[in-house]
Amino acid sequence: MNLSPEAYKRGQKAFLKYYFSTSAIILIAAIVYYAVVLTRIIPLIITAPIILLYLVLIFVRIFVRKFIFSLVSQKLDAEAFLALVRARKFDNKASTYQLYAEYAIGNYSSVVAVCESKSKIPALSKRYGYYYLTYLANVYFDLGEDEKLREVCSLFDERLSKEKQSRQDTLKKRHLRMSFYRMYLERRFDDCEKWLEAPTRTEHDRYHRIFCRARLAQLLGKTEEANELFALLAKEIPQLNYGKLAARQLSEPDSFNSPTDTFDISQAPTELVSYGPSRARTVILRIVLCISAFAFCYITAGYVQQALDERKHERESAAYYEKVRVLLENDYDGVEIYDAFLLVDREQNPVDSLFICRTNTDILIGSLYSYEGSDETLYEIAATVPIASLSEDKVPLWQARLRAQTSDNYIDCAIYKSKNEAPEACYAPIPLRIDGKTVYFVISDVVRDTMSIVPTE
């Protein structure tokens, strides 16, 4: 069937909406995952990819229904849907999208060809067998071929009887039309009417119910009612299968007297034409997915290891801080450790093992050391800064040159109200939280010298 250029444009427009929406949700998921990684919470880092992948898949399914399937289900534009399937090869091996489009547009010969061909493939028949049988039943009901419809329903029931009861219940709910076709074949018209009164979810389903009512009215000899319903379909949806079938019926008035008349608007069954992705494209996609999955796992493992290392470092630091605090508590009260670290110069040579802490009244800056052959840790206070002096309005608040305890170096350091006041080439500022305010201890330079400690103003 040839499709109009306008149909391809409408299909392309719908595809782009789906594509950009899907890309956006994947980007958002990536940003959320990055934010989770920054938390360094290992359980979150491990579980977040699974949760985010699940959510992405849910949104992708929503976007498929909203932008792709809605072309038929709500907008009743089966031609655009089929154009999209053809142009983008937007289908799977089972050709489920193609079937939806071909059926809705009225290409019944293609529907039969696809169902019969795909059913011969064991893997597809196992997973989609009931799906194919339902489409064949749809075609034969629409065309009024009751004997073929009866054969399909019998095959469906025979196959269904071999399933577990829970599986049977699920399949019956999934293929509700089959129960209507059984009632139709058994001429249980009251039950058919009750079935048709159930609410529908889509516009396409609503018109399907109207078509079914027209067929029942025809069978019951209600020619006028059937004629009105067929006319409504032919007028409102001339582009869809039900509208085409109705128009064909109306063009042959004599057929109203023959309830078993065939509404056949198709040609003889054609050879299968599939629009699914090519084998090469499928292989490439699988390779890309495998590489992406490996890279994702590798990156995630790296983040987890980094988080573990940081947590280990935090534990070791906390233990070290406590060791220093206990050491200083022998001589001072209310000791709070701000930082304790090994200071190195620009060439990464060790300078001194420093600590910065506070008591109730002072900031203490000192060195930790031990004598060779001894396990005892000792300390030396290099500078004492009264906390009260840090409220003065000057820059810097305090400044000094301190002698290193474990190397022949001097350490130029200062305390500032703001990091912005510190020299650009300084070591990383250390924040000191004091009475609700933060000041910054800064080491500006390490100088190799023999001078004693020289406080500077």
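This talk walks through the helices, loops and sheets of one predicted model.

Before we start, please keep in mind that the model is predicted, that local features need pLDDT of at least 70 and side-chain atom pairs count only at pLDDT 80 or more, while totals for chains, interfaces and linings use all residues. Residues are numbered from 1 along each chain as its sequence is written, and side-chain values use heavy atoms, with hydrogens and water left out.

Let me begin with helix 2, which covers residues 42-73 and includes S70. Is S70 buried or exposed? With a relative accessibility of 8%, S70 counts as buried, where buried means under 20% relative accessible area, exposed means over 50%, and partly exposed lies in between, for a 1.4 Å probe and protein chains only. If we set aside neighbours within four places in sequence, S70 is in contact with R65, K75 and L76, contact being heavy atoms within 4.5 Å.

L76 deserves a moment of its own. This residue sits in the loop between helix 2 and helix 3, the latter being residues 78-88, and L76 is also buried, at 9% relative accessibility. Its phi is near 60 degrees, which is a positive value in a residue other than glycine. Moving on to helix 3, we find R88 there, partly exposed with a relative accessible area of 33%. R88 and F15 are 73 residues apart in sequence, yet their C-alpha atoms are 8.6 Å apart in space.

Now to a pair of helices. Two packed helices are described by the angle between their axes and the distance between the axes. For helix 9 (residues 177-185) and helix 10 (residues 189-196), the axes come within 8 Å and cross at roughly 155 degrees, where axes are lines fitted to C-alpha atoms, for helices over the stretch in contact, and angles run from 0 to 180 degrees between N-to-C directions. That crossing makes helix 9 roughly antiparallel to helix 10, because angles over 145 degrees count as roughly antiparallel, with under 35 called roughly parallel, 65 to 115 roughly perpendicular and the rest oblique. Which residues of helix 9 and helix 10 meet? From helix 9 they are R177, S179, F180, M183 and Y184, and from helix 10 they are D191, C192, W195 and L196. The residues of this contact divide into six nonpolar, one polar and two charged, if we count Ala, Val, Leu, Ile, Met, Phe, Trp, Tyr, Cys and Pro as nonpolar, Asp, Glu, Lys and Arg as charged, and the others, Gly among them, as polar. In the loop between helix 9 and helix 10 we find R187, whose phi is near 60 degrees, again positive in a residue other than glycine, and which is partly exposed at 33% relative accessibility.

Let me turn to the sheets. Strands of a sheet pair through backbone hydrogen bonds, either parallel or antiparallel. Here, two strands pair if DSSP finds at least two bridges between them. Strand 3 (residues 362-369) and strand 4 are joined in the antiparallel sense over eight bridges, and I381 in strand 4 is the bridge partner of G366.

V395 and P396 are joined by a cis peptide bond, with omega about -10 degrees.

Another open sheet, also of four strands with antiparallel pairing, has the order 5-6-8-7. Its edges are strand 5 and strand 7, each with a single partner strand, so one side of each has no neighbour in the sheet. The twist here averages 25 degrees from one strand to the next. Strand 6 (residues 410-416) and strand 8 pair antiparallel over seven bridges, and D412 has D445 in strand 8 as its bridge partner.

Finally, strand 7 (residues 430-434) runs antiparallel to strand 8 (residues 437-447), with five bridges joining them, and I430 stands opposite F441 in strand 8. In a regular strand the side chains alternate between the two faces of the sheet. In strand 7, I430, L432 and I434 make up a covered face, whereas P431 and R433 make up an uncovered one. The hairpin of strand 7 and strand 8 has two residues between the strands, and D435 takes a positive phi near 50 degrees there.
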